[in-house]
Amino acid sequence: MTSRGTPSRFLKSVLQNGVGRYVCQLKRVSIIFSKKAQSSLGVRDFIEEGVVDYAKKNPGTVVYVSPQACKVPKIVAEYLNGNTKEELVDNKTSQQILEALTKLTNQSGLDIIRIRKPFHTDSPSIQGQWHPFTNRPPSVGLIRPQNQHAE
């Protein structure tokens with residue numbers, strides 16, 4: 001927590017994603033729905049139409065389909081870091097459920113919080129951050145737009 005009262009952290013990569021191969025952080029998805037409830041109609045349609053396609057597109061994610069006596073259908077996502085997120089999907093269409101699943105798949109499992117700086121390194125340099133004008137000689141002068149002669 002900062003003095004503002006809002007949580008924040010430095011920018012970091014989960015499991016060094018981007019350094020080597022990409023590792024999807026979503027480990028397990030449980031789709032919990034009722035066999036008879038009206039609010040689970042879209043979930044039942046999604047299970048008939050799209051759950052197999054979703055499972056084929058995401059081979060690293062285990063998909064559980066669990067019919068239970070419940071009033072509100074939900075999707076429970078479990079991530080590699082141990083975090084769990086629930087998404088309520090009552091009265092949603094098959095397409096909206098696919099969008100919710102895609103959103104959960106693309107997340108890292110970390111809470112969404114304010115980033116302190118847009119850059120961070122584990123081994124800082126005493127030289128500061130580099131940019132294109134760091135070593136520009138002062139004799140060159142200011143950069144100005146070129147004059148274009150229109151005739």
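Here is a quick tour of the sheet, the helices against it and the nonpolar core in this predicted model.

Start with the sheet. Four strands make up an open sheet with mixed pairing, in the order β3-β2-β4-β5. β3 (62-67) and β5 sit at the edges with a single partner strand each, so one side of each has no neighbour in the sheet. On average, neighbouring strands are turned by 15 degrees against each other, direction ignored. Here is how the pairs line up:

| Strand pair | Direction | Bridges |
|---|---|---|
| β2 and β3 | parallel | six bridges |
| β2 and β4 | antiparallel | six bridges |
| β4 and β5 | antiparallel | five bridges |

You can walk across the sheet residue by residue. Ile31 has Val65 as its bridge partner in β3 and Ile75 as its bridge partner in β4. Ile75 in turn is partnered with Glu87 in β5. β4 and β5 also form a hairpin with four residues between them, and Gly82 in the turn has a positive phi of about 95 degrees.

Now the helices. α1 lies across β2 and β3, at about 125 degrees to β2. α3 packs on the sheet too, touching β2, β4 and β5, and its direction makes about 15 degrees with that of β4.

What about the core? The largest nonpolar core has 16 residues, and Val29, Ile31, Val43, Phe46, Ile75 and Leu101 touch the most other members. Elements giving two or more residues to this core are β2 (26-33), α1 (41-49), α2 (51-57), β4 (74-79) and α3 (94-106). β2 gives the most, with four residues. Take a look at Phe46: leaving aside neighbours within four places in sequence, its contacts are Ile31, Val51, Tyr54, Ser94, Ile97, Leu98 and Leu101.

Methods
Residues numbered from 1 in each chain as written. Predicted model: local features only at pLDDT ≥ 70, side-chain atom pairs only at ≥ 80, totals over all residues. Heavy atoms only, no water. Core = buried A, V, L, I, M, F, W, Y, C linked by side-chain atoms within 4.5 Å. Buried < 20%, exposed > 50% of the residue type's maximum accessible area, 1.4 Å probe, protein only. Contact = heavy atoms within 4.5 Å. Pairing = 2+ DSSP bridges. Axes fitted to C-alpha atoms, helices over the stretch in contact; angles between N-to-C directions.
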